[in-house]
Each structure stands twice: as C-alpha cells, then as structure tokens.
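Visitor: I am new to this structure, and I would like to understand the words used for it as well as the values. Could we look at it together?

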Amino acid sequence: MELSRDMIVGMVSGECLMESVFSLSLENKGIALSSVVDECFNLKKLNLANNQLQTLAIGRTKLEPKEHLKYFDLSHNRLKNLDTFPICERLQILHLEGNLIDSIDDILVLKDLAPNLKQLFLQSVSGSDANPVCARSGYGRQIAQMLPDLQVLDGMRLRYQFSLFSVEQSLGLDQIPTKEQPKHDTQHHTQHDTQHDTHEHTNKDSHANEGSRSPQQVVSKDAIERFESDIGSLEAVLESCIKAVNS
C-alpha cells in the first residue's frame with residue numbers, strides 16, 4: 001500500500017486500523033521513522049527506500065520485532081551498519097543496496113536477527129549501487145560462510161555450480177595466489193631399459209610435465225557456455241520475481 005499524506009495523517013490520528021496494514025510503502029517520502037511503522041505489527045512487506053535514513057531507531061528506541069515481515073527494502077539510504085536492525089524471524093528478502101555498510105561484521109548480525117533470510121542484496125545484479133563492503137576481497141565467500149542458509153546474494157545463487165561466486169572460488173580468484181612448488185619426476189623404469197634410454201626418457205617426461213602444468217585452473221568453453229545460458233535464465237526468473245513482488 002502506497003501511503004498518501006491523508007493516509008499517514010489517518011494513521012497518526014488513530015483513524016486507520018493499524019492491524020489491517022500488511023504492506024506499507026514509504027519510499028522516497030523524505031521522512032524519519034515514526035511510531036506508525038511500529039504500530040503496523042502485522043506487516044509482511046515494508047519499503048523504506050530512498051529516505052536518507054541513518055538509523056532504524058525511533059529516537060533512542062529500536063523498532064519492535066517484526067514477527068510477520070518477509071520483505072524489507074532499505075535500499076538507497078545512509079545506513080553505515082545494522083546495529084538498530086529489528087528482529088525479523090520470518091524475513092526472507094532484504095534490500096540494502098546503495099547504503100554505506102563497510103564491514104563484513106556488520107552483516108553477521110543478520111544471522112540472529114533474520115535467521116530465515118534467503119535473499120540479500122548489498123548491490124544490484126549489475127554491480128551498481130554497491131555498499132563499500134562489496135569491494136572487499138572474498139566478499140561473497142565470507143557472506144556465504146557467515147549466513148549458511150542464505151540462497152541468493154546480489155541476485156546470484158550462492159549454492160549454484162556456475163554462479164559467479166562459485167566460479168570465483170573454484171579458480172582461487174578470491175585468494176592471494178601462491179607460488180607453485182616444482183613437481184619431482186618419480187617415474188620408474190623396468191630393469192630391461194638401458195641407462196642411456198632411462199635418462200633420455202626421464203628428461204622427455206620432465207619437459208612434458210612442465211609444458212602441461214598450468215598456474216591456475218581453466219574453465220572449459222562448454223562450462224562457460226552453460227554458465228552464460230544459466231545467467232540468462234536467472235535474469236528471466238529475477239524479472240518475474242520483481243514483477244510478482246511489485247504486483
């Protein structure tokens with residue numbers, strides 16, 4: 001429900017029945033949080049995007065637990081951390097794009113405050129509107145470890161074989177590269193080989209091993225094509241989900 005000025009006045013005055021409000025959109029209203037949000041305790045969807053919010057507290061008091069809330073949009077505000085984030089035990093989708101969150105530890109609080117969280121957005125699918133934390137090395141891997149029940153991060157499936165996070169981890173791109181240690185040739189030959197043939201054959205094997213050794217794992221062309229195809233399918237699914245949420 002998109003609130004008009006008259007509806008907001010009705011809520012504050014007590015004319016509107018707060019218990020009957022299940023979806024509340026205060027996007028781009030340029031307002032601070034008020035007790036109106038707290039009194040809508042049956043909310044399932046709450047949109048507070050684009051309000052320049054620096055805290056989720058009302059005065060010095062945190063928001064009351066949102067027992068039924070499943071969708072929470074806090075994108076494009078000025079949140080630096082989640083210290084004032086309310087308890088949302090049933091929350092499944094959380095949008096935080098376009099804020100100022102800089103530390104991985106600030107995300108860790110969601111493990112207890114939103115234990116059933118399935119989708120978290122700290123930047124858009126394209127990488128725009130990113131929080132500073134998104135630029136940290138191994139960002140996706142660390143979030144996945146801290147929130148083991150999380151399924152989608154920034155629009156990408158975490159547990160999917162060809163997701164960007166999985167490919168990055170499999171290639172070791174999220175880790176500091178280390179110098180590969182040389183391998184020793186341990187090939188043995190039969191007693192029927194002469195000493196000269198044994199020496200020549202060993203040298204050939206050594207050069208072959210060195211030529212075939214690769215400094216990093218390579219993704220096959222077939223895997224890349226499957227990955228690109230799955231990305232296209234995922235984008236279509238995301239578009240359908242967005243339409244369903246906005247309908």
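Visitor: What percentage of the 247 residues of the chain count as buried?

Guide: Of the 247 residues, 34% count as buried, where buried means under 20% relative accessible area, exposed means over 50%, and partly exposed lies in between, with a 1.4 Å probe and protein chains only. Please keep in mind that this is a predicted model, in which local features need pLDDT of at least 70, side-chain atom pairs count only at pLDDT 80 or more, and totals for chains, interfaces and linings use all residues. Residues are numbered from 1 along each chain as its sequence is written, and side-chain values use heavy atoms, with hydrogens and water left out.

Visitor: Why is Y139 called buried?

Guide: Y139 has a relative accessible area of 4%, and because buried means under 20%, Y139 is called buried.

Visitor: Where does Y139 lie, and which residues is Y139 in contact with, leaving aside its neighbours within four places in sequence?

Guide: Y139 lies in helix α5, helices being DSSP runs of H or I with at least four residues and strands being runs of E with at least two, numbered from the N terminus. With those neighbours left aside, Y139 is in contact (heavy atoms within 4.5 Å) with I104, L122, Q123, V133, C134, L153 and D154.

Visitor: What makes the pair of Y139 and D154 a polar contact?

Guide: Their side chains make this contact at 2.7 Å, and the pair qualifies because a polar contact is a pair of N or O atoms within 3.5 Å, where within protein one must be able to donate a hydrogen and the other to accept it, and residues adjacent in sequence count only if both atoms are side-chain atoms.

Visitor: What does the largest nonpolar core consist of?

Guide: The largest nonpolar core has 43 residues, and those with the most contacts inside it are F85, L94, L120 and I143; such a core is a set of buried Ala, Val, Leu, Ile, Met, Phe, Trp, Tyr and Cys residues joined through side-chain atoms within 4.5 Å. The helices α2 (35-39), α4 (110-113) and α5 (139-146) each supply at least two residues of this core, and α5 gives the most, with four residues.
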